[in-house]
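Q: Could you take a close look at one part of this model for me? I would like the local details first and the wider setting after that.

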Amino acid sequence: MPATKDRTSRNRTASRLSRPFTLWREVLTAYAAPALMAGTAGVLTGQQDLAMAACTSIAGTSAVVAYLVGTWLRHSGQPRRWTTTTSRVALTAALVITAAGAATLLGWFTAQWLPAHTPIPATPWLERLRIDLPVSAALATTIVTLRWRSTTTASPA
């Protein structure tokens, strides 16, 4: 009997690891997880701006970045060869630097440039974007890249 239990355990583990990468699940998780965590933190600490940002800029950025990175990684069902042969750490680091850098520029543009050059007033929630966007982008990129990479067959350890 122990052999049957061991074989069943291995089959369950293998089926969990071979689950296909499902983009809509990744995007939903990328929105829900930070919204719940940051929203809870905002409510418990009495920071209304954090509670509001949890469902807007933090979770929204995470979902958009998860969608963009996931779509790029899937590349119409055929991953790019270098994304499957590069080490997980190097691939994740490259994508995180790219996504966080783009989000930092977008956060700066929104918080600094828009109020200075348009009739949009400078407000505290605009200033939050300089932190919310790059942090959310980095976390979402890391999670989606690692989850995608765990579903590819040619991934070196």
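A: Happy to! Let's start with Phe-109, which is partly exposed at a relative accessible area of 33%; partly exposed lies between buried, under 20%, and exposed, over 50%, with a 1.4 Å probe and protein chains only. Trp-113 is also partly exposed, with a relative accessible area of 33%. Before going on, a note on the source: this is a predicted model, in which local features need pLDDT of at least 70, side-chain atom pairs count only at pLDDT 80 or more, and totals for chains, interfaces and linings use all residues. Residues are numbered from 1 along each chain as its sequence is written, and side-chain values use heavy atoms, leaving out hydrogens and water.

The structure holds 2 aromatic pairs, meaning rings of Phe, Tyr and Trp (its six-membered ring) with centres within 6.5 Å. In one of them, the ring centres of Phe-109 and Trp-113 are 4.9 Å apart and the planes meet at 15 degrees, so this pair is stacked; stacked means planes under 30 degrees apart, while over 60 is edge-to-face and the rest are tilted. Phe-109 and Trp-113 sit 4 residues apart in helix 5 (residues 88-117), so about one helical turn separates them. Helices here are DSSP runs of H or I with at least four residues, and strands are E runs of at least two, numbered from the N terminus.

Buried residues make up 35% of its 157 residues.
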